[in-house]
Amino acid sequence: MKARITVTLKNGVLDPQGKAIEGALGTLGFEGVGGVRQGKVFDVELAHDDKEKAETDLTAMCEQLLANTVIENYAIEIL
């Protein structure tokens with residue numbers, strides 16, 4: 001079973017990397033770009049086909065390691 005986890009900063013958390021990307025895009029000639037926020041994507045393969053267990057395991061992975069839940073949100077998608 002495959003899953004994709006997307007981790008993004010919560011609203012209100014400063015994103016200096018996103019601001020740098022936004023500035024770089026403007027320098028490259030892309031006008032009207034604003035509000036760039038950066039994040040992380042994890043593609044995970046699980047050795048079992050139990051969707052409920054997969055969701056439980058993936059949530060635990062996010063809570064314990066993949067996301068800093070104080071400043072980040074995460075979304076899990078079973079592929």
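Author: Buried means under 20% relative accessible area, exposed means over 50%, and partly exposed is anything in between (1.4 Å probe, protein chains only). This is a predicted model, where local features need pLDDT of at least 70, side-chain atom pairs count only at pLDDT 80 or more, and totals for chains, interfaces and linings use all residues. Residues are numbered from 1 along each chain as its sequence is written, and side-chain values use heavy atoms, with hydrogens and water left out.

Reader: Okay, in which order do the elements of the protein run from the N terminus on?

Author: Helices (H or I, at least four residues) and strands (E, at least two) are DSSP runs, numbered from the N terminus. The protein has two helices and three strands. Read from the N terminus, they go β-α-β-α-β.

Reader: What is the radius of gyration of the protein?

Author: That radius is taken over C-alpha atoms, and the globule rule is 2.2 Å times the number of residues to the power 0.38. For 79 residues the rule gives 12 Å, and the protein is well over that, so it is more spread out than a compact globule. The C-alpha trace spans about 45 × 25 × 15 Å along its principal axes. The radius itself is 16 Å.

Reader: And what share of the 79 residues of the protein counts as buried?

Author: As for the surface, the protein exposes about 5600 Å², with carbon and sulfur atoms supplying 54% of it (Shrake-Rupley method, 1.4 Å probe). Of the 79 residues, the buried share is 20%.

Reader: Is Ala67 buried or exposed?

Author: Ala67 sits in the loop between helix H2 (51–66) and strand E3 (72–78). Leaving aside neighbours within four places in sequence, it is in contact (heavy atoms within 4.5 Å) with Val7, Cys62, Glu72 and Tyr74. Its relative accessibility is 7%, so Ala67 counts as buried.

Reader: Which residues does Val44 touch, not counting those up to four places away in sequence?

Author: Val44 belongs to the ten-residue core, as does Leu58. Leaving out residues up to four places away, Val44 touches Met1, Lys2, Ala3, Ile5 and Leu58.

Reader: What is the relative accessible area of Glu22?

Author: Glu22 is part of helix H1 (residues 16–27). Beyond its neighbours within four places in sequence, Glu22 is in contact with Val33, Gly34, Gly35 and Val36. It counts as buried, because its relative accessible area is 18%.

Reader: How far apart in space are Asn73 and Gly39, C-alpha to C-alpha?

Author: Asn73 lies in strand E3 and, at 37% relative accessibility, counts as partly exposed. Not counting residues up to four places away, it touches Thr6, Val7, Thr8, Leu9 and Lys10. Asn73 and Gly39 are 34 residues apart in sequence, and in space their separation is 9.7 Å.

Terms used: A nonpolar core is a set of buried Ala, Val, Leu, Ile, Met, Phe, Trp, Tyr and Cys residues joined through side-chain atoms within 4.5 Å.
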